[in-house]
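Please look at the model first.

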Amino acid sequence: MTLTVGELIALPSVKTWSLTPGVGEHRKILWAHSCEQPDPWLWLGEGSLVMTTGLGVPVSVADQCTYFAGMHKAGIAAVTIGAHMSAPPLAEESLAYASSLGLPVLETAYEVPFLTLATAVIEAAQEQRARRVRLTERMYAALRTHATEEDAEPLLAELGALLGGTFAIEPALPGGARGSIEEVTPGLFTTSLVAPGDPVLSFKVVTEEPDYGLLQHSAGIVGTALSISAASRRRDWLYGSILLSNLADGTIPAGFARGLLESHGLTGSLRLCVWGYRDSRESLDTVQAVAAAEGSAAIATVKDHQTVAMIRADDMHLLERFGEQFKVVGASAPFTDLLGFQTAVRQANVTLTRARTAEQTGAIRFDDAEPSSLFLPDDNEQLRAITQQVLGPLQEYDAQRGTDLMETLRVFLEDNRSWVRASERLFIHRQTLVSRIARIESVLGKDLGNMQDASDCWLAIRAAVRCGALEPEES
């Protein structure tokens with residue numbers, strides 16, 4: 001550490017004592033120099049220890065006061081006069097004046113060379129430099145240890161312990177200048193960081209006045225850690241966006257995708273959310289910021305002029321925050337099997353459309369919007385199984401031939417098997433409808449004139465709507 005006047009006096013080897021006891025002993029001595037000029041302040045600077053045999057010390061009280069005043073004004077840390085050498089006697093009045101200024105006036109034993117004092121100051125400075133090097137090395141070692149951690153608190157705690165204080169990160173201040181350290185209140189220092197969002201690093205002193213150079217190092221270390229963390233999050237979000245886009249396109253196997261989703265914290269039952277946007281970059285950045293603030297797992301991408309996000313199904317607070325941020329959000333029912341991903345997409349879009357039509361706001365869930373049934377399960381996997389078991393052949397027929405017999409079946413059953421009303425809704429001739437129903441019965445192996453078969457098909461249609469495999473009827 002830098003040697004203070006009090007610490008110099010306390011060294012037995014220098015045999016130096018104060019002629020102004022208790023005055024200025026906290027002053028730091030940055031260097032020491034011998035000077036016999038009558039005006040040493042013209043030659044020596046702030047923080048220096050002036051060592052003199054007394055040749056330049058004036059005789060009169062008034063001149064001695066001027067001598068001390070000049071050194072005090074120049075910021076000289078202290079003056080020490082060799083005992084029994086060339087100095088005239090120091091008047092009590094001049095020593096009292098030096099005390100009133102806060103300038104320490106010392107006396108060094110005759111037999112002690114001034115080199116001994118200078119060496120003590122140099123060794124203290126060297127020890128301070130060595131200490132700063134050691135601290136700097138430990139600070140950067142802390143960066144290597146904590147750089148990849150999401151939470152900056154462990155890094156802040158370790159840096160604070162090294163420098164004898166407490167660090168904290170605060171929001172950006174308007175007009176804050178990067179790089180400058182300001183003491184906003186006694187013992188509290190702040191500086192703006194070169195990091196995303198221009199946050200502010202504050203340091204509260206616990207032990208002693210901080211080393212400004214080490215504080216600058218701390219600011220650089222924390223800013224680097226925050227930038228690394230932000231870059232890591234942005235990289236993870238990019239990978240998550242690509243993963244979600246691939247799932248939407250069906251270009252990634254469901255089993256492989258599940259492992260990748262788990263690496264993003266998306267485990268167990270999941271939920272898809274969709275909403276419109278004016279600026280895709282802003283929308284994705286907002287998702288990232290909201291999820292990070294909530295400590296939640298989420299990935300998002302832009303697809304078909306909409307933002308699509310995947311979250312954990314039980315993360316209701318995050319879903320509500322999305323609703324607050326984006327006005328109206330459609331959310332699918334919970335699902336665990338990624339083979340039902342496209343179903344979840346349809347559910348979310350259906351819910352969003354319904355919410356907009358009803359002028360609803362907030363986050364609307366498919367499982368809340370779709371009325372329940374006394375005869376159908378609530379589990380999406382079971383609903384899809386019912387749909388596949390009863391209507392699977394018809395779905396496959398439509399997919400292979402580009403027909404829409406599923407819609408014909410739904411309208412026919414919704415209109416209580418009325419040939420007239422169903423043909424009018426479908427805008428087709430009645431005979432065409434008869435032909436289509438015959439084809440449907442053939443594909444399904446059902447007789448829609450039979451109540452049992454018609455009921456099976458109707459419940460399967462409702463199951464398909466509820467799990468998102470079929471668009472709901474217009475309300």
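Is Leu-106 buried or exposed? Leu-106 has a relative accessibility of 0%. The cut-off for buried is under 20%, so Leu-106 counts as buried. Bear in mind that the model is predicted.

Five strands form an open sheet in the order 2-7-6-5-4. Their pairing is mixed. Strand 2 (16-18) and strand 4 (31-34) are the edge strands, and each pairs on one side only. On average, neighbouring strands are turned by 25° against each other, direction ignored. Strands of a sheet pair through backbone hydrogen bonds, either parallel or antiparallel. Strand 5 and strand 6 pair in the parallel sense, over four bridges. Strand 5 spans residues 48-52, and strand 6 spans residues 78-82. Met-51 has Thr-80 in strand 6 as its bridge partner.

| Residue | Relative accessible area |
|---|---|
| Ser-48 | 0% |
| Leu-106 | 0% |

Ser-48 lies in strand 5. Leaving out residues up to four places away in sequence, Ser-48 touches Trp-31, Ile-76, Ala-77 and Ala-78.

Leu-106 lies in strand 7, residues 105-108. Residues up to four places away in sequence are again not counted for Leu-106; its contacts include Val-5, Leu-8, Ile-9, Thr-16, Trp-17, Ser-18 and Leu-19. Leu-106 also touches Leu-49, Ala-78, Val-79, Thr-80 and Ile-81. Ile-81 is 25 residues from Leu-106 along the chain, and their C-alpha atoms are separated by 6.2 Å.

Key
Residues are numbered from 1 along each chain as its sequence is written. This is a predicted model: local features need pLDDT of at least 70, side-chain atom pairs count only at pLDDT 80 or more; totals for chains, interfaces and linings use all residues. Side-chain values use heavy atoms; hydrogens and water are left out. Two strands pair if DSSP finds at least two bridges between them. Helices (H or I, at least four residues) and strands (E, at least two) are DSSP runs, numbered from the N terminus. Axes are lines fitted to C-alpha atoms, for helices over the stretch in contact, and angles run from 0 to 180 degrees between N-to-C directions. Buried means under 20% relative accessible area, exposed over 50%, partly exposed in between (1.4 Å probe, protein chains only). Contact means heavy atoms within 4.5 Å.
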